[in-house]
Amino acid sequence: MKAVQITSFGTAADVLRINDVERPAPGAGEVLVSVEASSVNGHDVIVRAGELKMVSGRRFPIGVGLDFAGTVAATGAGVAGYRVGDRVWGMVHPRQRHSVAGAAEYVVVSADRIAHAPADLSSVEAASLVVAGSTALIALRDSVRLVSGERVLVRGAAGGVGTAAVQLAHAMGGHVTALARDRHAELLTDLGADEVLDYGSTTSDQIGPFDVIVDTVGSELHCYRGRLAKGGRMVTVGLSPSALAAIAASSVHGSRRIRTFSANPETPVLRDVADLATSGALRPVIDRVYPLADIAAAHQAFERGGVVGKHVVTVPRSSV
């Protein structure tokens, strides 16, 4: 079968390869998924660049693709609730090393890392929501515990997690301010933003206060923390060395600490995201779809920025 793998740390053009590998077999408690689509995530790019060596290790090849959508091809002993042919979505474990991951014709994962995909979504649409939807849901519901009527700022609102956060904050009753490029205002308003501010001409001291801030950028966190109202909460998923320093400082100085987490959804969260998608509270936003052969171009486009929603990679079916 075909699988995208990292052959060494470096740029997408230099180190991403589509290799022929042996199709894996599911062990006890595992499911073999025939992958139809996978999206590009910051985690994939960071691993490829060698910035997560403590997780990925230094042994090559390393599998590419955090998430996936497809159909069940086989189940291991003890797996209940899934049959061959069921449409599913899920994630490989972000803190484990994988030689084969979601950007492959087949992937093996523990059964507690998948759920049935929303029936009304294509595999491309489903793949665009796995990481984005689960990250936004965990951030708003579990990390900052958004309450209806609160004022919410979503920073980096046009990206994958940002577009999902705008939708879910709106569905949860928040008054949503989206910070993004001006040209994305119409889309973000349609997704539920009450106002859209151009990040190129809007500084942190010009806005707020906010009860909740969801940050997907990872810079200037101390400035935006200062725009929190009394009792306000802030969460960031845009991790960087400066972000980690700001998070550490916020836990020592003052009451408005900055929260963060590494999204690692298991079946219950994936089911909740599926329910939100089925209800219409969360819908896919896709920037561009690439064939598996062009995954390096998808990574390059992600790194250039200016993404609206997600870059998704389609995986051809194979019987091998």
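**Exercise 1.** Find which residues Thr202 is in contact with, leaving aside its neighbours within four places in sequence.

*Solution.* Start with the ground rules: this is a predicted model, where local features need pLDDT of at least 70, side-chain atom pairs count only at pLDDT 80 or more, and totals for chains, interfaces and linings use all residues. Residues are numbered from 1 along each chain as its sequence is written, and side-chain values use heavy atoms, with hydrogens and water left out.

Step 1: look for heavy atoms within 4.5 Å, which is what contact means. Step 2: read off the partners, and you get Leu179, Leu197, Ile207 and Tyr224.

**Exercise 2.** Decide whether Thr202 is buried or exposed.

*Solution.* Step 1: recall the cut-offs: buried is under 20% relative accessible area, exposed is over 50%, and partly exposed is in between (1.4 Å probe, protein chains only). Step 2: Thr202 has 13% relative accessibility, so it counts as buried.

**Exercise 3.** Find what lies 2.8 Å from a polar atom of the Thr202 side chain.

*Solution.* That's the backbone oxygen of Asp198.

**Exercise 4.** Sort the lining of the largest cavity by residue class.

*Solution.* Step 1: know your classes: Ala, Val, Leu, Ile, Met, Phe, Trp, Tyr, Cys and Pro are nonpolar, Asp, Glu, Lys and Arg are charged, and the others, Gly among them, are polar. Step 2: a cavity is a set of points on a 1 Å grid over the protein atoms alone where a 1.4 Å probe fits but cannot get out, and lining residues have an atom within 4 Å of a point. Step 3: 17 residues line this one, with His43 and Val47 among those nearest its centre. Step 4: they split into 9 nonpolar, 6 polar and 2 charged.

Key: A polar contact is a pair of N or O atoms within 3.5 Å; within protein, one must be able to donate a hydrogen and the other to accept it, and residues adjacent in sequence count only if both atoms are side-chain atoms. On a 1 Å grid over the protein atoms alone, a cavity is a set of points where a 1.4 Å probe fits but cannot get out, and a pocket is an open set with protein on both sides within 12 Å along at least five of seven lines; lining residues have an atom within 4 Å of a point.
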